[in-house]
Amino acid sequence: MEEIIVQGGNRLEGTVKVEGAKNAVLPILAAAILAETGKVHLKNVPILSDVHTMNELLNNLNVFNTFDKENNEMHIDATGEVSTKADYDFVSKMRASIVVMGPMLARYGHAKVAMPGGCAIGTRPIDLHLKGFEAMGAKITSTAGYVEAKVDKLKGARIYLDFPSVGATQNIMMAAVLAEGITTLENVAREPEIVDLANFLNKMGAKVVGAGTETIKITGVKALHGAEHSVIPDRIEAGTFMVAAAVTNGDVFIEGAIAQHNKPLISKLSEMGATFEEYTTGIRVVGPKELKPTDVKTLPYPGFPTDMQAQMSIAQLLAPGSSALTETVFENRFMHFEELRRMGAKFTIDRQTVVMYGPTEFSGASVKATDLRAAAALIIAGLCAKGLTRVSELKYLDRGYYRFHEKLASLGGNVERVNIQPIETKEKAVSSTLD
Ligand SMILES: CC(=O)N[C@H]1[C@@H](OP(=O)(O)OP(=O)(O)OC[C@H]2O[C@@H](n3ccc(=O)[nH]c3=O)[C@H](O)[C@@H]2O)O[C@H](CO)[C@@H](O)[C@@H]1O
Ligand SMILES: C=C(OP(=O)(O)O)C(=O)O
């Protein structure tokens, strides 16, 4: 079992480079299914376990790729006959696998995908994705844990999303690119990852306009081809380093960070006393000696991102006074708070709002990551704690952060990743030496 061990107290200083965005590359990899001719060439592909999982799924569907990890480049070939069934083994590992459904349906008029189910942060239904496919003429059935969509030819439609779901916007957009006629998608998600997907689809020959606004218009075309594309930088990884710098009174240049993508976070951390300098190559963050309290509410983009909520809570806990955090996107994304309590955090939770009482003097403890962003938050808390913090369940961290411990260590953090023996194995070893 692996753990990250953090000895708190160091100020972070120096330069750190962000990877390509996990949440951009996953739907883009799914979109590669649409390339009936020519290969897809992707640049700035992050080395993450989620990317590995998506690759395994694609291979299983007869879509092959080579990943040059030295250069973060990938070549994908979807010109063969692509399978239209995504098995439970893959979808259960990673919810984002559901976005293969739109491309399959667009290219073959058929998709059968295991129902993704909920996860550590909420129930996460896919009703909006399915409503969109239905509006375009697909018949949807669900049996034995699978959802199946069938249609002779998808037809363009006017679709209003009840909630600006990121995954539903992507899935419906990818279904619509080969549909007959025009699809108008209203109340869509406006995240930068939606814009990146639309840009990639357009390079493949699609006609998508309006990505990044509330309405996306897609004019169906006959077929799509391979294309070259560089994935946008990961705004959540960048934001995680912003918080790490802010809470350690640090001075960190985050290479590749785009200020436009992180406006609400920059605004909140500025309110708390951090200063920011924006450059074309990245962002410099300087943390204050003492943070000021502030309230945060997560919202769809361009609101404060739910994926930064756990990390932000560390800054709020450190600030003297009370700070509130309201989570409106997922119904169960406060799991990390009980772990933080073990490190000395004081707070109360009432439904979707946590009120934190600072300043927290974090003390090092053994804690378990409860999801991907919780893992990063606990490590950041460890950077500010007295003594040693040990964070386990690193499988979550590896979904979305590449060599997080090495990056923090390169900034002066006392952070190590170690392989520890499970207790039973240790006991066996001790008893065999006694024998
Ligand atoms: C791989 C990826 O890009 N993941 C991101 C994506 O997840 P994902 O695409 O799953 O998130 P959504 O925007 O779809 O979900 C937001 C909310 O809408 C609900 N919902 C969604 C679809 C649906 O059909 N019905 C429904 O009720 C969800 O349960 C959730 O409460 O956006 C989230 C919100 O910014 C981020 O936290 C995730 O990191
Ligand atoms: C919730 C996240 O991802 P996913 O939607 O893949 O679970 C995340 O990136 O924080």
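Predicted model: local features only at pLDDT ≥ 70, side-chain atom pairs only at ≥ 80, totals over all residues.
Residues are numbered from 1 along each chain as its sequence is written, and chains are lettered from A and ligands numbered from 1 in the order in which they are written. Local features need pLDDT of at least 70 and side-chain atom pairs count only at pLDDT 80 or more, whereas totals for chains, interfaces and linings use all residues.

Ligand 1 has 21 residues around it, and Asn23, Leu128, Ser165, Val166 and Gly167 come nearest (a residue is near if its C-beta atom, placed from the backbone, lies within 6 Å). At least two residues of this shell come from each of helix 1 (22-31), helix 5 (127-135) and helix 6 (166-176); helices are DSSP runs of H or I with at least four residues, numbered from the N terminus. Because domain 1 (2-19 + 233-419) and domain 2 (22-230) both give residues to the shell, ligand 1 lies between them; the domain bounds come from an automatic or database domain assignment.

Around ligand 2 are Asn23, Arg95, Ala96, Ile121, Asp307, Leu372, Arg373 and Gly400. Domain 1 and domain 2 both contribute to this shell, so ligand 2 also lies between them.

The axes of helix 1 and helix 2 (residues 49-60) come within 10 Å and cross at roughly 5 degrees, the axes being lines fitted to C-alpha atoms over the stretch in contact, with angles from 0 to 180 degrees between N-to-C directions. The two helices are therefore roughly parallel, a term for angles under 35 degrees.

Technical notes: Parallel < 35°, antiparallel > 145°, perpendicular 65-115°, else oblique.
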